[in-house]
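Please have the sequence and the structure open as we go.

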Amino acid sequence: MMTIGVTGGSGAGKTTVLHEAQRRGALILDCDEIYHELLETSGKMLAEIGEAFPGSVENGVLNRKKLGKLVFNDPAALKELNAITHRYVRREVRRRLRQSDASLAVIDAIGLIESGLHKLCDATVCVSAPEEARVRRIMAREGISEEYARARIRAQKPDSYYAGRCTHQIINDYPSVQDFARAAGVLLDQIIKGEPT
């Protein structure tokens, strides 16, 4: 199995890259989705989050906005949250990779490097985009305020962090989603075939 890691900040366009990978038959491991599934299925993870961040878990359910307010402007708190969630997500990703017979897998994770998941990958791709475009995408996708979207972006690593630690980079400054999808597909094909990019 060839495994490709895809990372970059919220709203950069990673989902488009994943769609192109899926069109090529890849097993897609979206770590954000896995995290949300674990919030429903892993009482242990939820309990750890609730203990570390009092008031963020109410009646066995995570209040994401409350948790966001606690961590997005506090680097130490965000690091503590990530330490908890990365451990559970990493375990689940490994389990799914072991159980799959796919010839290609793509791990999508903002915390690909920090979580150590990049060590499972044959190649890693940083997806980046101008901040204004990211803010617009996050607001539209999640129905949140501009202030909250910007706070989320500021709480994440800068593009240079991802680009400096990945084997490949693609910048989503294309005029349309279709143009970006074509470029992402070309890059994936080059990686899969072992061609220089």
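Let me begin with arginine 182, which is exposed, with a relative accessible area of 52%; bear in mind throughout that we are looking at a predicted model. The partner of arginine 182 is aspartate 179, and the closest N and O atoms of this salt bridge are 2.4 Å apart. Both residues belong to helix α9, which covers residues 177-193, and they are three residues apart, about one turn of the helix. Aspartate 179, at 25% relative accessibility, counts as partly exposed.

There is also a network to look at, in which salt bridges with shared partners join Glu20, Arg23, Arg24 and Asp189. Within it, glutamate 20 pairs with arginine 23, with 3.0 Å between the closest N and O atoms, and both sit in helix α1, residues 14-23, again three residues apart. Is glutamate 20 buried or exposed? Its relative accessible area is 8%, so it counts as buried, whereas arginine 23, at 64%, is exposed.

The last pair is arginine 152 and glutamate 142, whose side chains meet in a salt bridge at 2.8 Å, N to O. This pair links distant parts of the chain, with arginine 152 in helix α7 (residues 146-155) and glutamate 142 in helix α6 (residues 131-142), 10 residues apart. Here arginine 152 is buried, at 9% relative accessibility, while glutamate 142, at 30%, is partly exposed.

For context, a search of the whole structure finds 14 salt bridges.

Technical notes:
Residues numbered from 1 in each chain as written. Predicted model: local features only at pLDDT ≥ 70, side-chain atom pairs only at ≥ 80, totals over all residues. Heavy atoms only, no water. Salt bridge = Lys/Arg side-chain N within 4 Å of Asp/Glu carboxyl O. Helix = DSSP H or I, 4+ residues; strand = E, 2+ residues; numbered from the N terminus. Buried < 20%, exposed > 50% of the residue type's maximum accessible area, 1.4 Å probe, protein only.
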